Amino acid sequence: MELYIELFVFLAIIFLIVLSNRFIPWLVKAAIVVYYSVISYIFITTKNKIDERYENITPVPDAYWDKNSA
């Protein structure tokens, strides 16, 4: 979780700004919070999958670059 400290701080700032704004309806606030939460979850799970798949491979072989860039 230490890898994602910056992400969580960034999300906290966004959530504080959105939730403290009096001019945004509560439905829009909820949509913004859900959107950023889902995007963050997808980012974290995808990064963890990539890290597991290519663990201890440094530097990345050309075959993996070709496969991933296609």
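A helix here is a DSSP run of H or I that spans at least four residues, and helices are numbered from the N terminus. Serine 40 sits in helix H2. We will come back to that serine.

First, the overall picture. This is a predicted model. The protein has three helices and zero strands. Along the sequence the pattern reads α-α-α. There are 70 residues in the protein, and 13% of them are buried. The exposed surface comes to about 6200 Å². Carbon and sulfur atoms supply 68% of that surface.

Now to helix H2, which covers residues 26-53. Let's take some of its residues in turn.

Start with lysine 29, which is in this helix. Is lysine 29 buried or exposed? It is buried, yet it has no salt bridge. Which side chain of opposite charge is nearest to lysine 29? That is glutamate 6, and it is 28 Å away. A salt bridge needs the nitrogen within 4 Å of a carboxyl oxygen, so glutamate 6 is out of range for lysine 29. What does lysine 29 touch, leaving aside residues up to four places away in sequence? Val18, Leu19, Asn21 and Ile24.

Back to serine 40. Serine 40 is buried because its relative accessible area is 9%, and the cut-off for buried is under 20%. Its contacts, again not counting residues up to four places away in sequence, are Leu7 and Leu11. Look at leucine 11 in particular. Serine 40 and leucine 11 are 29 residues apart in sequence. In space, their C-alpha atoms are 8.7 Å apart.

Next, charges. Side chains of opposite charge can pair when their charged atoms come close. How many salt bridges does a search of the whole structure find? One. The partners are lysine 47 and aspartate 51, with 2.7 Å from N to O. These two are four residues apart in helix H2, so about one helical turn separates them.

Last, the aromatic rings. The count comes to one aromatic pair. Tyrosine 35 and tyrosine 36 form that pair, and it is edge-to-face. The ring centres are 5.3 Å apart, with 80° between the planes. The edge-to-face label applies because the cut-off is over 60 degrees. Tyrosine 36 is partly exposed, with a relative accessible area of 30%.

Methods:
Residues numbered from 1 in each chain as written. Heavy atoms only, no water. Phe/Tyr/Trp six-rings, centres within 6.5 Å; stacked < 30°, edge-to-face > 60°. Buried < 20%, exposed > 50% of the residue type's maximum accessible area, 1.4 Å probe, protein only. Lys, Arg positive; Asp, Glu negative; His and termini not counted. Contact = heavy atoms within 4.5 Å. Areas by Shrake-Rupley, 256 points an atom, 1.4 Å probe, with all protein chains shown as cover.
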